[in-house]
Amino acid sequence: MIKMTLITAVWCPSCLIMRPRYQAFISKNQKVLFEELDFDTDEDKIRALSIGKTLPVVILRSDDRELIRVIGEKSPHEIERLLTPFL
Amino acid sequence: MKKNLGWKMVAFLALGLAAISGKNQMAIAQAQENVNDVTIYFFHVDGCPHCEAEIEFLDEYVPTQENVTLNSYNIASPDSYDLLVKAADVFEEEFASTPFTVIGGKHYVGFNDSVKASIQRAVTKYSVNDYVDVMAKIIADQPVLPTDIDTSSDYLFTLPFFGEIDIRNASLFLVSLVLGLVDGFNPCAMWVLVFLISMLISLQNRKRVWLLGGAFLLTTAIFYFMVLFTWVQALSFIASKTIFQIIIGSIAILAGVYNLFRYIKSQVKKEDGCDVTDVKTKKSLVEKVRKVATANSFWLALAGVIGIAVIVNLIELACSTGLPVLFTQILALNGISGVSSIFYVLIYLLFFMIDDILVFVLSVWTFKVSPISNKFTKYSHLVGGILMVIIGILMIFFPSILMFAF
């Protein structure tokens with residue numbers, strides 16, 4: 001099972017821009033399990049992911065093995081290009 | 001919008017170039033046509049450093065102008081002093097101080113690069129245009145009429161399509177517009193407005209969104225206006241001091257290099273997103289905005305929004321101090337202070353807030369938050385960095401260019 005984790009924060013405009021883009025991607029790939037973590041409220045889970053200094057972050061995993069990590073703002077086309085090969 | 005703005009900037013740059021070419025045309029006219037005789041009346045006194053500087057300039061300049069005569073008056077002589085007092089009275093100067101220069105219907109108190117350029121412009125203008133020699137009238141004890149005083153701008157040029165344009169006002173307008181715009185696209189705390197709007201929109205109360213969001217923007221405008229206006233007044237006393245220009249210029253260069261470093265870093269990382277910095281401050285502001293947005297009492301919410309806007313602008317100011325300081329320093333260098341600075345401060349403010357206003361209006365109109373991409377922030381670092389370095393170098397080595405003393 002492939003799982004997509006999107007990490008955002010309420011104070012991050014880029015996260016507001018990217019959320020609907022990732023949601024649109026998920027709606028086209030419904031086999032992917034989607035979860036969203038909030039940088040400020042899900043601190044424990046996020047600490048384990050070592051996400052670095054830029055938001056938003058998307059991590060695609062299969063059986064707890066990280067497949068790819070996408071950081072920052074990306075166009076819908078870039079999202080397709082980066083994530084589709086792992087599905 | 002972007003295209004339109006770009007067109008306007010190109011038009012203004014063309015305007016500047018055309019102005020310089022207009023000046024050249026005047027010089028050509030001077031060479032080709034009969035030129036008027038022009039007399040420079042120069043009042044000075046021993047031991048005055050600005051007088052020494054002007055003497056040095058006039059000694060070099062006057063011999064190069066065949067139609068120009070220099071009449072020098074050392075006010076240590078009682079007759080010369082009396083003449084200076086009469087001249088100061090005619091030109092409505094409170095004090096008869098030196099150096100004091102009169103050409104035609106114009107007079108200049110003090111001496112710096114800007115006055116030097118003004119003297120040259122006045123000579124060029126009177127060489128090819130009719131004028132009244134006010135000092136000649138004073139010396140001949142003839143009455144000086146109010147119309148004899150030349151109140152026209154030194155920077156007036158006739159340009160194709162634009163007509164008569166005051167090139168210094170146009171240049172200061174352009175400086176206010178560009179610096180305000182670049183400063184505005186470096187939004188350290190714009191997320192607060194975006195978050196506030198998203199919270200208010202979630203309450204589905206359009207009227208409340210308009211009123212509270214509008215109060216946030218209005219508070220921002222008033223706060224920033226007061227800061228810029230106060231800085232201009234304060235700097236007007238020290239802006240022309242060389243040491244101060246060197247300090248401000250050095251800070252501008254350092255801030256510019258830091259901005260360019262941030263741009264290069266973002267290009268290398270290829271990660272356009274939100275920096276995870278000052279998380280504690282952000283969390284605390286998030287809580288405050290949440291409380292304010294959901295407050296039952298409208299007046300309590302309004303007071304809270306105003307308070308948050310003040311805190312946010314303090315953060316914003318600390319984060320982008322470079323450009324506002326440069327802007328106010330340029331105004332002060334040009335002798336723009338008091339009421340005359342209000343127009344330029346308002347232009348800076350309008351373009352500084354244009355992205356906030358766009359985000360607010362679009363979000364309320366569509367009832368969906370429309371944030372601006374962080375990619376704009378990256379380019380604001382590039383453009384802001386380049387501008388700061390250029391202005392910093394000009395301020396240290398060629399301050400006359402920033403006084404538009406071409």
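Predicted model: local features only at pLDDT ≥ 70, side-chain atom pairs only at ≥ 80, totals over all residues.
A:Asp63 is placed in the loop between strand 4 and strand 5 (65-71) of chain A. The backbone angle phi of A:Asp63 is positive, near 50°, although the residue is not glycine.

A:Asp64 is also found in the loop between strand 4 and strand 5 of chain A. A:Asp64 is not a glycine either, and its phi is positive at about 65°. With a relative accessible area of 71%, A:Asp64 is exposed.

## Salt bridges in chain A

Over all chains, the whole structure holds twelve salt bridges. One of them joins the side chains of A:Glu35 and A:Arg61, with a distance of 3.8 Å from N to O. A:Glu35 belongs to strand 2 (residues 33-38) and A:Arg61 to strand 4 (residues 57-62) of chain A, so this pair ties together parts that are 26 residues apart in sequence. A:Arg61 has a relative accessible area of 16% and is therefore buried. A network of salt bridges links A:Lys3, A:Glu35 and A:Arg61.

Another salt bridge is formed by A:Arg69 and A:Glu66, whose closest N and O atoms are 2.9 Å apart. A:Arg69 is partly exposed, at 27% relative accessible area. A:Glu66 is likewise partly exposed, at 38%.

## A salt bridge in chain B

In chain B, the side chains of B:Asp150 and B:Lys125 meet in a salt bridge of 3.0 Å, N to O. This pair links distant parts of the chain, 25 residues apart: B:Asp150 lies in the loop between helix 5 (134-139) and strand 5 (156-159), and B:Lys125 in helix 4 (residues 113-128). B:Asp150 is buried, with a relative accessible area of 18%, whereas B:Lys125 is partly exposed, with 23%.

## Cis peptide bonds

The peptide bond between A:Leu55 and A:Pro56 is cis, with omega of about -5°. A:Pro56 sits in the loop between strand 3 (54-55) and strand 4 of chain A.

A cis peptide bond also leads from B:Thr98 to B:Pro99, where omega is near -10°. B:Pro99 is located in the loop between helix 3 (78-90) and strand 3 (100-103) of chain B.

## The largest pocket

The largest pocket contains about 1000 Å³ of space. It is lined by 38 residues, and those closest to its centre are B:Arg262, B:Cys274, B:Asp275, B:Thr277 and B:His381. Among the elements of chain B that give two or more residues to this lining are helix 7 (190-202), strand 7 (274-275) and helix 15 (374-397). Helix 9 of chain B contributes the most, with six residues.

Sorted by class, the lining of the largest pocket comprises 17 nonpolar, ten polar and eleven charged residues.

Helix 8 (206-235) and helix 14 (354-366) of chain B are the elements that give two or more residues to the nonpolar patch. Helix 14 gives the most, with three residues.

B:Trp210 is located in helix 8 of chain B. The relative accessible area of B:Trp210 is 36%, so this residue is partly exposed.

Notes
Residues numbered from 1 in each chain as written. Chains lettered and ligands numbered in written order. Heavy atoms only, no water. Helix = DSSP H or I, 4+ residues; strand = E, 2+ residues; numbered from the N terminus. Buried < 20%, exposed > 50% of the residue type's maximum accessible area, 1.4 Å probe, protein only. 1 Å grid on protein atoms, 1.4 Å probe; cavity = no way out; pocket = protein on both sides within 12 Å on 5 of 7 lines; lining within 4 Å. Points joined across faces, edges and corners; volume = space filled by probe spheres on them. Nonpolar A, V, L, I, M, F, W, Y, C, P; charged D, E, K, R; others polar. Salt bridge = Lys/Arg side-chain N within 4 Å of Asp/Glu carboxyl O.
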